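Open the model in your viewer and keep the selection tool ready. Each stop says what to pick and what is there.

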Amino acid sequence: MKNDFEILIIGTDINAYTMARCYHEQYGKKANLIGKEEMKFTSLSSIVQIEYEPNLWDTETFKKTLKTFALNHPGKKILLIGTNDFYVRLIAENKDFLKKWYVFNYPNIEIVNNFLKKDAFYEKYKDVLDVPKTYLYSCKEKKLNLDLRYPIIVKPGNGVTYYKHKFVGQSKVYRIKSEAELHEVIQKIEDSGYEDQLILQEFIPGDDDCLSDCIFYCNQKGKAEFASFAQIGLQEHTNTGVGNCTVLVNGYNEHGIPEELIYQLKDFLESIHYTGFAEFDLKFDARDGKYKIFEINPRQARCSYYLAFCGYNLVKYLVDDLIYKKTKKFEIIKEKKALSFVPNTVIKNCVKSEKLKKELNTLRKQKKICNPLLYKNDQNFKRKIYLFLRKINYMKKYKNQNWW
């Protein structure tokens, strides 16, 4: 089929790279990227063309930059893809402006805000979805009232605003072990200038292998076309990376694949007329045998390339839906394949579930594990050196298994 469209990916991180790889694998062309800053995942790549705009988070600059790109690429439809929360919100907020030149698939701004603002998410959906026991703390009102046993989890209610207030020791999520530590962390966050709410939440017992990743694609008509369900083996072991998966296996879960839950989540998304990719972060709670939902990201995640590895190219789904108006019947992706950003040594030494470790070892022997950053058609020598050094760094990072 003739490639009669362009693609523009907003961002320069791992997520941007994996979407560019999906495009290159499917259509054999370099992806256009516009990003705020240079990141080696993409700057050393031979499968992308990049422009940088340091002020890209500013709404007017964002609109002007994307208008200029569109006017420089006349005569073709342009598929627009955001790769982080900031860009997804900017696209949703400026939908009417952007649709003059671009096609994209994101939910309306109300849904985006309900998902990205975690305080709104827990309040709105606590009676619809299984979520951990949660309290909200206002950094303005400063009234602390909770009934939780330590350790507890603390995270920002509004991540977009939170990361605009940088401070030493800033973390994506905090695991708090005492009341004194809680007050100390809250004070640091308030001193940074953050004035929105904080999420104070029960800690669901269990290691990284109790986490799961569930991804849906809902077409522009609001109908789900696929769902995945993967058991996570490891997440990033850094303060800013916690919550980001580094090892997972699709089509496998030692507690069983919860098809009933998957269909419940499908019904939920379709009931709110959701469109686009949605990623559910879940954790299995052995206390009641249920999966608790931490959040829903209104986009694909940086680990979502495993779908393409299973034969479900993310960019192709967008293109078929938005460019060629094709619809697909819903299916659960059951292909058993693994994704790993870390070397096998880390899997061997750090994945705690022996069942999952055995499964990963079998898949490795069958050549059914992929690293999204290792792409045979992206052979820049400097990039190879960078990825080798990154591999060494992962081995260092995972030495401390009691990091959190």
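**Stop 1: a covered strand**

Select strand β12, residues 230–235. β12 is mostly covered: six of its six residues are buried. Buried means under 20% relative accessible area, exposed over 50%, and partly exposed in between, with a 1.4 Å probe and protein chains only. Strands (E, at least two residues) and helices (H or I, at least four) are DSSP runs, numbered from the N terminus.

This is a predicted model: local features need pLDDT of at least 70, side-chain atom pairs count only at pLDDT 80 or more, and totals for chains, interfaces and linings use all residues. Residues are numbered from 1 along each chain as its sequence is written, and side-chain values use heavy atoms, with hydrogens and water left out.

**Stop 2: the partners of β12**

β12 and β13 run antiparallel and are joined by five bridges. Look for Gln231, which stands opposite Val249 in β13. β10 pairs with β12 in the antiparallel sense over two bridges. Pairing requires at least two DSSP bridges between the strands. Here Asp213 stands opposite Ala230 in β12.

**Stop 3: Asp213**

Zoom in on Asp213, in strand β10.

Next, show Tyr306. Its side chain makes a polar contact with the side chain of Asp213 at 2.8 Å. A polar contact is a pair of N or O atoms within 3.5 Å; within protein, one must be able to donate a hydrogen and the other to accept it, and residues adjacent in sequence count only if both atoms are side-chain atoms.

Leaving aside neighbours within four places in sequence, Asp213 also has contacts (heavy atoms within 4.5 Å) that include Ile232, Leu248, Glu279 and Cys303.

**Stop 4: backbone exceptions**

Most residues other than glycine have a negative phi, and most peptide bonds are trans. Select Tyr150 and Pro151: a cis peptide bond joins them, with omega about 5°. Pro151 lies in the loop between β6 (134–138) and β7 (152–156).

Move to His273, in the loop between α10 (259–271) and β14 (276–285). Its phi is positive, near 60°. His273 counts as exposed because its relative accessibility is 63%.

Finish at Lys325, in the loop between α12 (314–322) and β16 (331–332). Lys325 has a positive phi of about 60°. Its relative accessible area is 52%, so Lys325 is exposed.
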